[in-house]
Structures are given as structure tokens and as C-alpha cells.
Amino acid sequence: MTHVALVTGANQGIGAAVAEALATRGDAVLLTALPMPPSAHRPDPTMPPSYAADRARTCEPVLERIRAAGGTAAAVEADLTDPDVAGRLFDAAEDAFGPVDILVNNASGWQADTFSADGTDKFGRPLVPVTAAGFDHQFAVDTRAPALLIAEFARRHAARGARWGRIVGLTSGSPKGFPGEASYGAAKAAHENYTMTAATELAQLGITANMVHPPVTDTGWVTPAVAAAVEADPHWLGLARPAEVAEVIAWLTSDAARRVTGHRIEMR
């Protein structure tokens, strides 16, 4: 059976890999992202130059790859800080393909902030203090947007009497916090809590909801210092590729995972 998927942050990295994986197996996919021009980023001399360019891209290159491979997809540019965007995205997906039954909350407004007076982290990457503006942006993208998308998904699912649905979110950090990425870790923790609540509340509607904690994944941001640290740390099984994370998400959104819900799956 063909499903309709909505994937956020699908212009590069894990989101793009997920969109391609779902399209490859026959799902129709609505890709959404908000390209970030290089001027929107804080200067970071440690970051590979290509990473800012990757984040500045639209979803069009991903869309072209999917269509060239015979897949079905469309793309919509959307700002997830807009509280009204959820309804518009579901409307766009329904207009193109029909009702959404797979939601992948991948997009992030990532920033590296801290309570410490340190100006850089252990890899020399710049840090900024925790601020109200930083909090608002981080939580708008990483917490409020997923919550509102889940709410819209559930409302439409119930209204049409559907009995099959999949929700997957992406997370990071740990219950002990995320030093150097304080607001990011806190926002992801809240996102997890919303998703776990959905797993319980929506189970009777045939919806599963899970979180995936990727390993250190090279989506273009990994520096030689980060790569060396990962390879030297026995906790990790080396740097991951976006496609490896996408494989797990594709499985969680398949029929085979019908009894897997309410889990935080930590990849290594």
C-alpha cells in the first residue's frame, strides 16, 4: 500500500535521506524546509564551508533525485516558527497526494548555546549564551512545530476514521542535559515528551509514535576534530551516514513496526 509522508527539514542531511528512502519504497512524499542563507549563520571558522551552502539549498535537488528515480514527491518551503504552518503543510500534502499518514519531524533550529562563560566548545566551535531570543527560536522549531504537526496529524486522522499512522521524531542530547547545546537539548527533550504522549493517546487510532536518536551523523557539519573524537570513542560505531539513519526511520514507518511505539531508539 502506498502511503503519504510529510518530512520536515528535507532539503539536506537526514531529512533528505528519509524523503528519498520513503519515496524509493513507493510512498508519496511532501518535502518541506526553510533554506538558511549563509548570512543567517554565525561565523564559524571550524565548520566545513560546504555546510552553509547545503543548508541554504531548497528542496529542489532532493525532489529532482526522487523524481529521476521514479518516485513521487512535491516540495513546499515553510517556516516552522509560524504557528499556523501545520495546517498549510497538511493541506499541501492532501492537495498533491491525499491524506498524510506518515509524519517525520526532522527539522531543527539548532544552535550551540551555553550557561558557561566559555566562548568555544572543546572543538573550538563558537558558543553563545542562553538568551530569550535563542530560546524562543529553538523551541519554536524543535518543540512547538512538532507538537502542532502531531496535533494536526491526529485531528485529520481521527476525522477521516483512519486506522494506520506513523509518527517519528528526531532527538539528541540526554536526560542529563546537553552541555554546549543547552537549548537544543532541552527543546529535543520536550519534543520527546510530546511524542511519547502521542504514542499513548493515539494508539487506539492505529498510530505509532517513536523518537530516533541518531549517532554522530555526517550531514556536512563534521570537522576533522569531531571525526577523530568519534572514531576514538568506543561508545560510537564510527561516523554514520544520513542514509543509515533513514533506514531505521523507514522501518519504523513500515507495517513491520506496527507494535513498536513509545520508544526512544538510540543509534550508535
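**Helix packing in the predicted model**

In helix 4, Ala86, Gly87, Leu89, Phe90, Asp91 and Glu94 meet a set of residues in helix 5 made up of Leu148, Leu149, Glu152, Phe153 and Arg156. Sorted by class, this contact of helix 4 with helix 5 holds 6 nonpolar, 1 polar and 4 charged residues. The model in which these contacts are seen is a predicted one. Two packed helices are described by the angle between their axes and the distance between the axes. For helix 4 (residues 85-96) and helix 5 (residues 132-159), the angle is about 50 degrees and the axes lie 9 Å apart. Helix 4 is therefore oblique to helix 5, since an angle under 35 degrees would be needed to count as roughly parallel and one of 65 to 115 to count as roughly perpendicular.

With 28 residues at 1.5 Å a residue, helix 5 should span 40 Å, and its end C-alpha atoms are 38 Å apart, which agrees. Along the way, helix 5 bends by about 45 degrees at alanine 140. After helix 5 comes glycine 161, with a positive phi near 70 degrees.

Helix 1 passes helix 3 in a right-handed crossing. On the helix 1 side, the contact is made by Ala16, Ala19, Glu20 and Ala23, and on the helix 3 side by Val62, Arg65 and Ile66. These residues divide into 5 nonpolar and 2 charged, with no polar residue.

Helix 1 packs against helix 8 (residues 242-252) as well, here at an angle of about 50 degrees and with the axes 8 Å apart. Helix 1 is thus oblique to helix 8, and the crossing of the pair is right-handed. Gly13, Ile14, Ala17, Val18, Ala21 and Leu22 of helix 1 meet Pro242, Ala243, Val245, Ala246, Ile249 and Ala250 of helix 8. By class, this contact of helix 1 with helix 8 has 11 nonpolar residues, 1 polar residue and no charged ones.

Technical notes. Residues are numbered from 1 along each chain as its sequence is written. This is a predicted model: local features need pLDDT of at least 70, side-chain atom pairs count only at pLDDT 80 or more; totals for chains, interfaces and linings use all residues. Side-chain values use heavy atoms; hydrogens and water are left out. Axes are lines fitted to C-alpha atoms, for helices over the stretch in contact, and angles run from 0 to 180 degrees between N-to-C directions. Helices (H or I, at least four residues) and strands (E, at least two) are DSSP runs, numbered from the N terminus. Angles under 35 degrees count as roughly parallel, over 145 as roughly antiparallel, 65 to 115 as roughly perpendicular and the rest as oblique. Contact means heavy atoms within 4.5 Å. Ala, Val, Leu, Ile, Met, Phe, Trp, Tyr, Cys and Pro count as nonpolar, Asp, Glu, Lys and Arg as charged, and the others, Gly among them, as polar. The expected span of a helix is 1.5 Å times one less than its number of residues. The bend at a residue is the angle between axes fitted to the seven residues ending there and the seven starting there. A crossing is left-handed if the near helix is turned anticlockwise from the far one by less than a right angle, and right-handed if clockwise.
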